Amino acid sequence: MIRIKNEENILRVLDTLPKERTTQAVKDITEDLYENVKKLARPHFRQRSTLETNIRHKVKSNAGIVWIDNDGMLVNWRGRRLNYVEFVLYGTRPHIIKPRHKKALRFVKLGDFVFAKRVRHPGYRGDNFLQKAINETLNNLERIVR
């Protein structure tokens with residue numbers, strides 16, 4: 001879960017609005033955040049991937065939420081089931097990848113299938129596209145509320 005640093009300021013802005021406008025503002029803010037998350041996540045998937053289809057949002061009266069669902073995204077990691085979006089957000093250290101249920105790994109390299117008993121993954125720095133999306137929505141907050 002990512003917390004918003006200026007939460008009090010946002011709530012103060014929403015409190016100044018008439019009651020009927022607050023519901024619409026929450027909906028608009030949630031929609032803007034949802035679109036920003038989808039846009040900033042795009043470099044991390046191809047076509048209709050599991051990540052793309054699991055970016056979801058919901059608005060109920062004066063509350064909105066944007067999340068990434070677990071459907072098809074859980075992987076085993078150190079004895080736990082973890083949503084792999086955490087690796088995309090926060091990165092990984094270099095590590096060895098081995099097949100769990102087969103004799104070899106299969107992947108595409110330069111247009112051909114390659115088979116390997118293990119692969120040295122170089123690690124990944126991470127891209128916290130969720131925080132970037134929140135920051136982008138916060139920058140648009142006044143425009144959205146108007």
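The talk below takes the labels one at a time.

Modeller: This is a predicted model, where local features need pLDDT of at least 70 and side-chain atom pairs count only at pLDDT 80 or more, while totals for chains, interfaces and linings use all residues. Residues are numbered from 1 along each chain as its sequence is written, and side-chain values use heavy atoms, with hydrogens and water left out.

Biologist: What makes a stretch a helix or a strand, and how many does the chain have?

Modeller: Helices (H or I, at least four residues) and strands (E, at least two) are DSSP runs, numbered from the N terminus. The chain has six helices and eight strands. Read from the N terminus, the order is α-α-α-β-β-β-β-α-β-β-β-β-α-α.

Biologist: How do you know whether the chain is a compact globule?

Modeller: The radius of gyration is taken over C-alpha atoms, and the globule rule is 2.2 Å times the number of residues to the power 0.38. For 146 residues a compact globule would come out near 15 Å, but the chain has 20 Å. The C-alpha trace spans about 65 × 30 × 25 Å along its principal axes.

Biologist: Why is Ala 133 called buried?

Modeller: Buried means under 20% relative accessible area, exposed over 50%, and partly exposed in between (1.4 Å probe, protein chains only). Ala 133 has 0%, so it is buried. Ala 133 sits in helix α5. In the chain as a whole, buried residues make up 29% of the 146 residues.

Biologist: What touches Ala 133, leaving aside neighbours within four places in sequence?

Modeller: Contact means heavy atoms within 4.5 Å. By that rule Ala 133 is in contact with Leu 33, Asn 36, Val 37 and Leu 40.

Biologist: Which other residues of helix α5 are buried, and why are they said to line one face?

Modeller: Besides Ala 133, the buried residues of α5 (residues 129–139) are Phe 129, Leu 130, Ile 134 and Thr 137. Seen down the axis of α5, its buried residues fall within an arc of 145 degrees, so they line one face of the helix. The arc is that of the directions from the helix axis to the C-beta atoms. The cover over these residues includes α2 (19–41), β2 (63–68), α4 (85–90) and α6 (141–145).

Biologist: Why is Ile 65 called partly exposed?

Modeller: Its relative accessibility is 45%, so Ile 65 counts as partly exposed. Ile 65 lies in strand β2. Not counting residues up to four places away in sequence, Ile 65 touches Thr 30, Arg 56, His 57 and Lys 58.

Biologist: What makes Arg 143 and Asp 32 a salt bridge?

Modeller: A salt bridge is a side-chain nitrogen of Lys or Arg within 4 Å of a carboxyl oxygen of Asp or Glu. The closest N and O atoms of Arg 143 and Asp 32 are 3.8 Å apart, and the two form a salt bridge. The pair links distant parts of the chain, with Arg 143 in helix α6 and Asp 32 in helix α2, 111 residues apart. Arg 143 has 51% relative accessibility, so it counts as exposed, whereas Asp 32 has 14% and therefore counts as buried.

Biologist: How many salt bridges are there by this rule?

Modeller: The count comes to six. Among them is the pair of Lys 132 and Asp 127, at 2.6 Å from N to O. Another pair is Asp 28 and Arg 21, at 3.8 Å. Arg 56, Asp 69 and Asp 71 are linked in a network of salt bridges.

Biologist: What makes the nonpolar surface patch?

Modeller: Patches are made of residues with over 30% relative accessible area and no salt bridge: like charges are joined within 9 Å, nonpolar side chains (Val, Leu, Ile, Met, Phe, Trp, Tyr) within 5 Å. Val 108, Phe 113 and Phe 115 make such a patch of about 360 Å². Phe 115, in strand β7 (residues 112–116), has a relative accessible area of 58%, so it is exposed.

Conventions
Areas by Shrake-Rupley, 256 points an atom, 1.4 Å probe, with all protein chains shown as cover.
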